[in-house]
Amino acid sequence: MKAVITGVGMDKVGIFYRVTQILAEKNVNVEDISQTILQGYFTMMMLVDLSRMTCDFSQLKDQLESLEKEIGLSVRIQREEIFNYMQSI
Amino acid sequence: MVLNNNIYETIRMIEKEKLDIRTITMGISLMDCINSSAGEACRRIYDKITRFACDLVKVGNEIENEYGIPIINKRISVTPIALIAAASGEDHYGEYAKALDDAAKEVGVNFIGGFSALVHKGFAKGDKILIESIPSALQETERVCSSVNVANSKAGINMDAVKLMGKIIKQTAYLTRDRDSLGCAKLVVFANAVEDNPFMAGAYHGAGEPETVINVGVSGPGVVKCALEKVKGEPLQIVAENIKKTAFKITRAGQLVGNEVSKRLGIPFGILDLSLAPTPAIGDSVARILEEMGLEACGAHGTTAALALLNDAVKKGGIMASSSVGGLSGAFIPVSEDEGMIAAVKNGALTFDKLEAMTSVCSVGLDMIAIPGDTSESTISAIIADEAAIGVINNKTTAVRVIPVYGKNVGDTAEFGGLLGYAPIMPVNPFSAEEFVNRGGRIPAPVHSFKN
C-alpha cells in the first residue's frame, strides 16, 4: 500500500528531518520526494510505501498531523489510489 | 508517481471546492422478515438491519481517514415497508417505522429510507395502510424517510393516489408543525421511482435488488463551478466538455470509495449515483454553476437550457468513469439545500413555475420547496400531478417534496436545519384545481409506453 504525503508550512530548519524521522520510526519507506519554496512557504510531496509499516494508518496520520502544532507544518497523508483513480483511466 | 499537478488538483478539489462522497447507502432486503405478527416482524427487521449495517459507519470513517475524502452520510435503504407489513393484519404501521428508527439509531446512520409504497397502478392492501400511517410515523420517528411512487411511464398516473398524497402531506405538515413541518422534508412523492437510488429522502431497496448492496452517491457542485471559472466566455460546447471532464473525476472518486466499502463489508457494490447534490454551504451550489455559465441569477430565462446542458454533461462524464452508474444521476435542484437557489428565490429571480420547467430537464423534481401553510390539499395534489405528468411523458424520474409550512406564509422563512437547510416560503398559483383532482381515477400511460 502506498500513500502520498503533502505538507505546507513556513520554511524553517529541520522540517524534512521531523517528517522523515516519524516515517523512519514507523518503518515507512520514502520512494519519491519533491519540494519547493513558494513565496516563503515550504511545500513538499512524498510518495511512501506503507507495506511494512509498524503501526496502523490512523496512528501515522495522527502523528504527522501533530506536526502542525509542533513546527507549523500542515501535513496530509492519503492513499495513493485516490489520485490515480481520479486522474487516469 | 502521479504528476504533482494532479495531486495538487485533487487536494484542491477536496479542500477548497468541497468535493465529497455525499452518501454511502446500504440497501437491505427485508423480504425474509415478513411475519403475520407485527411484533415478530419488527424484531426481525431490527435484528437484520443492525446485523448487516453494524460496521457501515465505522468502515465509512476508516475510508474517509485513509483516502482523505469526506464521506458525509452513511445511510440505509430497505424494501418498501408496504410489502413487508401487509401480512401482519395491522391497521397502522407505526410500529414498523419505530423499528426502522431504532435500528438506524443503533447503527449510527442519520437516515433510513423505505417507509414506502409503490402504487402507480393501484393500491394493494398494505399500500393504503402504509400511506395512511405516514403522517404519524414521520412525527414519531427521527430518521425514517418515506416515499410513495404514484406514477410511471408504463402504467400512467394513479390520480387516486395523487389525491390522497395531497391530504397526507398536509397532515404531515400539521403533525410536525412545531418544527416548521419538517416531516414533509422526509416524504417524497415519485413518478418513475428508481429501485437503487442512494439519496434520501427517496431511497428504498427495490424488490428486484439483491439481498444487500452498497450504493454510493457522489457530489461536487463546487468542483464543477470552479472548473467553469476557467472557461469564462468560451462557447457552450467547451463548457459541456469541461463539466464532463470534471464529472469524470468526481465519479472516479466515488467508484473507488464504493469498491472499497463493498470489499471491506463483504457486500456487493451496486451502483454509483453521480448526482450533483448541493448543500446550503457557500461554494456547494448547483444554482451558482448555472450563473457561472452566464445567467444573472438562477431562474432567469435560459436557466432551463443551462440546466439541461449541465445534467447531460454530468451523465456523460460519469458514465465513462464507472461501469455501474444508476440511481438518479444528474443535477439536483432542492431549493432549501442550495445557497444559490435560496438567494434566487429571495431576489425574485426564481419562481415556482420556473422550477417546474427546470424539473423537465434535471434529474429529479420539485424538491425542498416551502409553500404557504394554507395551501389546499387539492393544490398540492395538482402540483404532484403536473410533476408526475412531466416524468411519465418524458420517461424520467420526477418527484415532489414540498413543505406546506404550517402557520407560515409568503415572506416568512422555514428553518429545517443541517443539510436540509432553510427556505423562503414561495407563492403557489392561487387558482383551484379541486374539481380536476377530485375526479380521481387514472391518467392512462402515454402512447410511447407501448414499446415491446
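Me: Where in chain B is Pro210(B) found?
Reply: This is a predicted model, in which local features need pLDDT of at least 70, side-chain atom pairs count only at pLDDT 80 or more, and totals for chains, interfaces and linings use all residues; side-chain values use heavy atoms, with hydrogens and water left out. Residues are numbered from 1 along each chain as its sequence is written, while chains are lettered from A and ligands numbered from 1 in the order in which they are written. Helices (H or I, at least four residues) and strands (E, at least two) are DSSP runs, numbered from the N terminus. Pro210(B) is found in the loop between β6 and β7 (212-218) of chain B.

Me: Is Pro210(B) buried, partly exposed or exposed?
Reply: Buried means under 20% relative accessible area and exposed means over 50%, with partly exposed in between (1.4 Å probe, protein chains only). Because its relative accessibility is 39%, Pro210(B) counts as partly exposed.

Me: Leaving aside neighbours within four places in sequence, which residues is Pro210(B) in contact with?
Reply: Contact means heavy atoms within 4.5 Å. With the neighbours within four places left aside, the contacts of Pro210(B) are Ser29(B) and His205(B).

Me: Which peptide bond is cis, with omega near 10°?
Reply: One of its two residues, Ala201(B), lies in the loop between β6 and β7 of chain B. The bond with omega near 10° runs from Met200(B) to Ala201(B).

Me: What is the phi of Asn192(B) near?
Reply: Asn192(B) is found in the loop between β6 and β7 of chain B. Its relative accessible area is 14%, so Asn192(B) is buried. Asn192(B) is a residue other than glycine with a positive phi, near 55°.

Me: In which strand is the bridge partner of Met26(B) Ile214(B)?
Reply: Strand β1 (residues 21-28) of chain B is mostly covered, with eight of its eight residues buried. Two strands pair if DSSP finds at least two bridges between them; β1(B) pairs with strand β2 (residues 71-78) of chain B in the parallel sense over seven bridges, and there Met26(B) stands opposite Ile76(B). β1(B) and β7(B) are joined by seven bridges and run antiparallel. Ile214(B), a bridge partner of Met26(B), is in β7(B).

Me: Which residue stands opposite Val402(B) in β10(B)?
Reply: Strand β6 (residues 187-191) of chain B is joined to β10(B) by three bridges, and the two run antiparallel. β9(B) is joined to β10(B) by six bridges, and these two run parallel. The residue opposite Val402(B) is Ile369(B).

Me: How far from a polar atom of the side chain of Thr375(B) does the backbone oxygen of Pro372(B) lie?
Reply: Thr375(B) sits in the loop between β9 (366-372) and α14 (377-394) of chain B. Thr375(B) counts as buried because its relative accessibility is 5%. The distance from the backbone oxygen of Pro372(B) to that side-chain atom is 2.6 Å.

Me: What area is buried between chain A and chain B?
Reply: The contact takes 25 residues from chain A and 28 residues from chain B. Buried area is the accessible area (1.4 Å probe) that two parts lose on being put together, summed over both. Carbon and sulfur atoms give 64% of this area, which is about 2500 Å².

Me: Which side chain meets that of Glu66(B) in a salt bridge?
Reply: A salt bridge is a side-chain nitrogen of Lys or Arg within 4 Å of a carboxyl oxygen of Asp or Glu. Across the interface of chain A and chain B the rule finds two salt bridges. In one of them, at 2.7 Å from N to O, the partner of Glu66(B) is Arg79(A).

Terms used: A polar contact is a pair of N or O atoms within 3.5 Å; within protein, one must be able to donate a hydrogen and the other to accept it, and residues adjacent in sequence count only if both atoms are side-chain atoms.
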